[in-house]
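Trainee: I would like to learn how to read a few features of a structure file. Could we take them one at a time?

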Amino acid sequence: MSYGNLETLYRQVIMDHYKNPRNKGLKSGEDYYQVHLKNPTCGDDLTLQIKVKNNYITEVHHDGSGCSISMSAASVMSETIMGLKIEDAKKIIDNYLHMVKGEAYDAEIDMGDAIVYQGVSQFPARFKCATIAWNALDKVLEKHKVPDEK
Amino acid sequence: MDVNEIRQDFWVLANSSLAYLDNAASSLKPKPVIDMINHYYRDLGVNIHRGVYRLSYEATDLYEKARQKVADFINCKFEEVVFTRGASSALNLVASSLGMNEIKAGDEIITSELEHHSSMLPWQNVARIKKAKLVYVPLNEEKKITVENFKKVLSDKTKIVALNYVSNAMGYITPIKEIINLAHEKGAIVIVDAAQAVPHQSVDVKALDCDFLAFSGHKMCGPTGIGVLYGKYEFLQSMEPIEFGGDMIDYVGLQEVTYKDAPYKFETGTPLIAGAIGLGGAIDYLLNIGFDFIVKQEEELRTYLLKEMKKLSDITIYNPTTETGIIAFNINGVHPHDAASVFDEDDVAIRAGHHCAQPLMHCLNQIATIRASLYFYNNKADIDKLIKAIKKAKSFFAQFM
């Protein structure tokens, strides 16, 4: 059976991250920056934690519930940004958002497995699913700017 | 009545291969309704109630004739029909006016976990501010509201009963007539959310003896942005308006004001004139189709859909005893939004989500469900497309299991 466009949305690597999420589960400790985002219309719910040392992201943890696109994207994102400088992570966020919206993006920027979410651009109804984790990352990096608001 | 002929009235059905099965969210709009809306905007386009020129008179006449059509449709008096933005704003009007003025600390308000948020949240808000108690009818095993369970929560303290007539998420018909009788014995006021009832069955507010009843135009072949609050006239007359301004007043002084009689004191500002006229057109359209046909068609399709779904493995149907055209299910192991994307690829429009009924989702222990909802213009081919799409979603996601 041919599944057409669906094959471009649900790539093997996406479903693998959905079934076997990396870095899932939250840690306790005061040196984590944390945000909680929800998409109330569809029920996606995600908490993201990061640890930053000398401007480098040294730990990423996530937890939550939702569809395969939203949950796998959190897992893929956690692997993609681990160990990166904050400014490089921000460049990837920006580039990723352009890519899933179907806008022009920079193919030279290494986004790791996140590149497989290209197919989302053909499913505008799933844009929110593919971006909740990356929006959470954007927010948590903003928090890092204000150290008092851990 | 021939369904294929009826389908020609709906542009989307006549010109695409879409299986539209999201009718509980909104129905499609037939040509006669669109023509009436266009007639107002193209040929009239002026305000009502105020102008003395002919166009304004004609617009006023059509607007008020629409009110009479609504009154005849649900069997009430002309002045008992308040035009609102929809069922939500109608239900909010009752809570904001009657609720905020009459409810006192310790009073009890009965609602249920089967409600649309629009039916229970206005009263949750009243209860919180007035320190009243919000009481939930315990649902039975099938998640139905029963008369027996209603009796368990009804008490001398009950002042308000706010329940649905037909559940938007499960399609059950509430035994509302018996509940209204019991509530009245205790002197409680009953507000019925009939948004999923009025489009699909004949509703008679006098026979029900409900105190208030709300519904939306857009779920019954009418336009969006228009709805109705029915209220017994003595209640409407005694209630305070919640919005103030033009058209709702009788005399305005610097420190005092008197209002028009109901329903006008609740309709300030220029209303959705085209919407009301379009709703009148939708009522004409539905009456022409006839509720005998609508009920029969939905029943036949529901029976067929349930029969076909029960042949499939790995499907959970949450309401196998549904009494209307609403079927809630999930494909085991597949998130409803993932399934919905597969359906969308196959031109099957259904709803995946919590259906504005989060308390019910908690009851079902699900984040979300897939909901297929039928209307009289659906046919067997629509059901076949849905079944095919379910099979495709199952096999597609099975690859990754």
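Trainee: Which residues line the largest cavity?

Mentor: This is a predicted model, in which local features need pLDDT of at least 70, side-chain atom pairs count only at pLDDT 80 or more, and totals for chains, interfaces and linings use all residues. Residues are numbered from 1 along each chain as its sequence is written, chains are lettered from A and ligands numbered from 1 in the order in which they are written, and side-chain values use heavy atoms, with hydrogens and water left out. On a 1 Å grid over the protein atoms alone, a cavity is a set of points where a 1.4 Å probe fits but cannot get out, and lining residues have an atom within 4 Å of a point. Here the lining of the largest cavity consists of A24(B), V166(B), Q196(B), H200(B), E298(B), T324(B), G325(B), I326(B), S373(B) and L374(B).

Trainee: How many cavities are there of 30 Å³ or more, and how much space lies in the largest cavity?

Mentor: A volume is the space filled by probe spheres set on the grid points, which are joined across faces, edges and corners. The search of the whole structure gives 2 cavities of 30 Å³ or more. The largest cavity holds about 60 Å³, and the second largest cavity about 40 Å³.

Trainee: How do the residues of the lining of the largest cavity divide into nonpolar, polar and charged?

Mentor: In this scheme Ala, Val, Leu, Ile, Met, Phe, Trp, Tyr, Cys and Pro count as nonpolar, Asp, Glu, Lys and Arg as charged, and the others, Gly among them, as polar. The lining of the largest cavity has 4 nonpolar, 5 polar and 1 charged residues.

Trainee: Which domains of chain B does that lining draw on?

Mentor: Domain bounds come from an automatic or database domain assignment. For chain B the assignment gives domain 1 (33-287) and domain 2 (290-398), and each of them supplies at least three residues to the lining of the largest cavity. The centres of the two domains, taken over C-alpha atoms, are 29 Å apart. Contact means heavy atoms within 4.5 Å; on that basis 31 residues of domain 1 are in contact with 26 residues of domain 2.

Trainee: What lines the second largest cavity?

Mentor: Its lining is made up of M15(A), Y18(A), K19(A), G333(B), V334(B), H335(B), D338(B), F397(B) and M401(B). Helices (H or I, at least four residues) and strands (E, at least two) are DSSP runs, numbered from the N terminus. Helix α2 (residues 12-19) of chain A gives the largest share of this lining, 3 residues.

Trainee: Is R371(B) buried or exposed?

Mentor: Buried means under 20% relative accessible area, exposed over 50%, and partly exposed in between (1.4 Å probe, protein chains only). R371(B) has 1% relative accessibility, so it counts as buried. R371(B) lies in strand β15 (residues 369-373) of chain B. Its contacts beyond four places in sequence include A24(B), N168(B), I326(B) and H355(B). The side chain of R371(B) also reaches the backbone oxygen of N168(B) at 2.9 Å.

Trainee: Which side chain makes a polar contact with that of E267(B)?

Mentor: A polar contact is a pair of N or O atoms within 3.5 Å; within protein, one must be able to donate a hydrogen and the other to accept it, and residues adjacent in sequence count only if both atoms are side-chain atoms. The side chain of E267(B) is joined to that of R67(B) by a polar contact of 2.8 Å, and also reaches the backbone nitrogen of F83(B) at 2.8 Å. E267(B) is in the loop between β10 and α11 of chain B and is buried, with a relative accessible area of 6%.

Trainee: Which side chains does K206(B) meet in polar contacts?

Mentor: The side chain of K206(B) makes a polar contact with the side chain of E80(B) (3.2 Å) and another with that of Y230(B) (3.2 Å). K206(B) belongs to helix α9 (residues 205-208) of chain B and is partly exposed, at 40% relative accessible area.

Trainee: What joins A262(B) and P263(B)?

Mentor: A cis peptide bond, with omega of about 5°. P263(B) sits in the loop between β10 (257-259) and α11 (273-289) of chain B.

How values were computed
On a 1 Å grid over the protein atoms alone, a cavity is a set of points where a 1.4 Å probe fits but cannot get out, and a pocket is an open set with protein on both sides within 12 Å along at least five of seven lines; lining residues have an atom within 4 Å of a point.
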